[in-house]
Amino acid sequence: MHEIINLKNVSLILEKKQIYNLNLRITNGDFFLINGKNATGKSTLLKLFCLKILPTRGNFYLNGKNIGLKDKKLILEYRKKIGVILQNDYLIPFFSVYENIELASEIQNYKSDFNLRINQILDWLDLKEIENTKVDKLSKGEKQKVVIARALINKPNIIIADQPENFLDKSTVKKVFFLFESLNKQGTTIIITSNLEKIITVNYKTINLDQSER
């Protein structure tokens, strides 16, 4: 399998979020679940995988290249190929559901079969009836669906999700996890934190951050 990410002796020390000496290899098609107690840095680690931050110490290899501050172009290209669902992942409140998703597609320069893709996602997440509604009029659960739709619009190679089940009803949670697993079976790499480990049916690997504390 093709190696995507390799962490070598990585430490992240950001205020109260501290992770030490993490070694990890992620290959194409992996499904990773990040475990750990509260405040062990799960969300911080996901920000590293999104390359929103870089290691305090150690090395982050992306497709075999050691990534540093000088590699801004590579980082931007990488971000275009990932789908991100983070906590407090803000939407534009005065844009509609459709416009928020469309903007993400434009930023990522995704053009292939956009109309078909967005209609499929809107239908799947039950957003079709509110696609023209401004985001500031939505419930928390509806906003979470839009964040998920926005992350999926560009057919990402990697999906990075921080408790994507937040604010969703049971039916939608099942749909979302079924979709993640279906994409994973097609080769999409999934990196996720979740409190719903028991509903994951595909083979997955775990990262236990409790073992990375000092």
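**Entry 1: helix α6**

I looked up what covers the buried residues of α6 in this predicted model. The cover includes β3, β6 (82-85), α4, α5, β7 and β8.

I then listed the residues of α6 that are buried: Thr172, Val173, Val176, Phe177, Leu179, Phe180, Glu181, Leu183 and Asn184. I noted for reference that an α-helix has 3.6 residues a turn, so residues three or four places apart point the same way.

I checked the span of α6 next. The helix has 16 residues, and its first and last C-alpha atoms are 23 Å apart, close to the 22 Å expected at 1.5 Å a residue.

I looked at both ends of α6. At the N-terminal end I found Asp169 as the cap, with a side-chain oxygen 3.1 Å from the backbone nitrogen of Ser171. After the helix comes Gly187, which has a positive phi, near 115°.

**Entry 2: nonpolar cores**

Which members of the largest nonpolar core touch the most other members? I found Val97, Ile101, Leu127, Leu152, Phe180 and Ile192, out of 36 residues. Two or more residues each come from β3 (31-35), α3 (97-107), α4 (114-124), α5 (140-152), β7 (158-162), α6 (170-185) and β8 (189-193).

I also noted another core, apart from this one, with 31 residues; Ile19, Phe60, Tyr78 and Ile207 are among them.

I went back to Val97 and set aside its neighbours within four places in sequence. The contacts of Val97 are then Leu122, Leu127, Ile130, Glu131, Thr133, Val135, Leu138 and Val146.

**Entry 3: Gln144**

I located Gln144 in helix α5. Is Gln144 buried or exposed? I logged Gln144 as buried because its relative accessibility is 10%, and the cut-off for buried is under 20%.

Leaving out neighbours within four places in sequence, I found Gln144 in contact with Ile85, Gln163, Pro164, Asn166 and Leu168.

**Entry 4: the four-stranded sheet**

I traced an open sheet of four strands and wrote down its order as β2-β1-β4-β5, with antiparallel pairing. The edge strands are β2 (17-27) and β5 (65-66), each pairing on one side only.

How many bridges join β1 and β2? I found eight between β2 and β1 (residues 3-14), in the antiparallel sense. For Leu7, the bridge partner in β2 is Leu24.

Helix α1 (residues 42-49) does, touching β1, β2 and β4 (57-62). I recorded an angle of about 130° between the direction of α1 and that of β1.

Definitions and conventions: Residues are numbered from 1 along each chain as its sequence is written. This is a predicted model: local features need pLDDT of at least 70, side-chain atom pairs count only at pLDDT 80 or more; totals for chains, interfaces and linings use all residues. Side-chain values use heavy atoms; hydrogens and water are left out. A nonpolar core is a set of buried Ala, Val, Leu, Ile, Met, Phe, Trp, Tyr and Cys residues joined through side-chain atoms within 4.5 Å. Buried means under 20% relative accessible area, exposed over 50%, partly exposed in between (1.4 Å probe, protein chains only). Contact means heavy atoms within 4.5 Å. The expected span of a helix is 1.5 Å times one less than its number of residues. A polar contact is a pair of N or O atoms within 3.5 Å; within protein, one must be able to donate a hydrogen and the other to accept it, and residues adjacent in sequence count only if both atoms are side-chain atoms. Two strands pair if DSSP finds at least two bridges between them. Axes are lines fitted to C-alpha atoms, for helices over the stretch in contact, and angles run from 0 to 180 degrees between N-to-C directions.
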